[in-house]
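Please look over the model below before reading on. The paragraphs after it go from the whole chain to the strands, and then to single residues.

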Amino acid sequence: MPTTGAIVSGDFILQASAADPVVANQTQSGLAGIQFKNGNQDIGGLSVSAPYSAIWTTVGLANTSYTLNAVAIDNAGNRATSTIIVTV
């Protein structure tokens with residue numbers, strides 16, 4: 001992921017890392033994946049293996065600020081979000 005305040009253009013690779021350890025005898029432990037989002041809109045599908053990534057195409061977008069989220073989802077459905085704001 002770029003850092004907040006970055007200026008981006010073209011096809012941009014978004015990357016994030018997360019971990020949720022698998023616990024013996026708990027079927028809902030472990031990381032399901034990371035979903036990248038532009039606001040509430042998904043960027044690609046759920047990235048299910050490291051390195052967690054997606055390609056965000058900025059071609060055709062207005063030259064303005066965008067809020068990008070990386071949402072880590074574990075197998076129990078719990079979520080943690082990391083957010084940055086970038087400019088196209």
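**The chain as a whole**

Of the 88 residues in the protein chain, 34% count as buried, where buried means under 20% relative accessible area, exposed over 50% and partly exposed in between, with a 1.4 Å probe and protein chains only. The model is predicted: local features need pLDDT of at least 70, side-chain atom pairs count only at pLDDT 80 or more, and totals for chains, interfaces and linings use all residues. Residues are numbered from 1 along each chain as its sequence is written, and side-chain values use heavy atoms, with hydrogens and water left out.

Taken along the principal axes, the C-alpha atoms of the protein chain fill a box of roughly 50 × 20 × 15 Å. The accessible surface of the chain comes to about 5200 Å², and 51% of it belongs to carbon and sulfur atoms; such areas come from the Shrake-Rupley method with a 1.4 Å probe, and for residues only the protein chains shown count as cover. Among contacts between residues at least 6 apart in sequence, 53% join residues at least 24 apart, a contact being heavy atoms within 4.5 Å.

**Strands and their pairing**

The protein chain has 0 helices and 6 strands. Both are DSSP runs numbered from the N terminus, helices being H or I with at least four residues and strands E with at least two. Read along the sequence, the pattern is β-β-β-β-β-β.

Strands of a sheet pair through backbone hydrogen bonds, either parallel or antiparallel. Here two strands pair if DSSP finds at least two bridges between them. An open sheet of 4 strands has the order E3-E2-E5-E6, and its pairing is antiparallel. Its edge strands are E3 (41–47) and E6 (79–87), each of which pairs on one side only. From one strand to the next the twist averages 20°, with axes as lines fitted to C-alpha atoms (for helices over the stretch in contact) and angles running from 0 to 180 degrees between N-to-C directions.

Within this sheet, 4 bridges join strand E2 (residues 31–38) to E3. Leaving aside neighbours within four places in sequence, Thr81 is in contact with Asn69, Ala70 and Val71. The C-alpha atoms of Thr81 and Ala18 are separated by 10 Å, although the two residues are 63 apart along the chain.

Strand E1 (residues 11–16) and E4 run antiparallel and are joined by 6 bridges. Ile13 has Ile55 as its bridge partner in E4. The covered face of E4 holds Tyr52, Ala54 and Trp56, while Ser53, Ile55 and Thr57 are on the uncovered one.

**An aromatic pair and an exposed serine**

How many aromatic pairs does the structure hold? There is 1; rings of Phe, Tyr and Trp (its six-membered ring) pair if their centres lie within 6.5 Å, with planes under 30 degrees apart counted as stacked, over 60 as edge-to-face and the rest as tilted. The ring centres of Trp56 and Tyr66 are 5.7 Å apart and the planes stand at 70°, so the pair is edge-to-face. This pair links Trp56 in strand E4 (residues 52–57) with Tyr66 in strand E5 (residues 65–74), 10 residues apart. Trp56 is buried, with a relative accessible area of 5%, and Tyr66 is buried at 13%.

Ser9, in the segment before E1, is exposed, with a relative accessible area of 56%. Ser9 and Asn63 are 54 residues apart in sequence and 9.4 Å apart in space, C-alpha to C-alpha.
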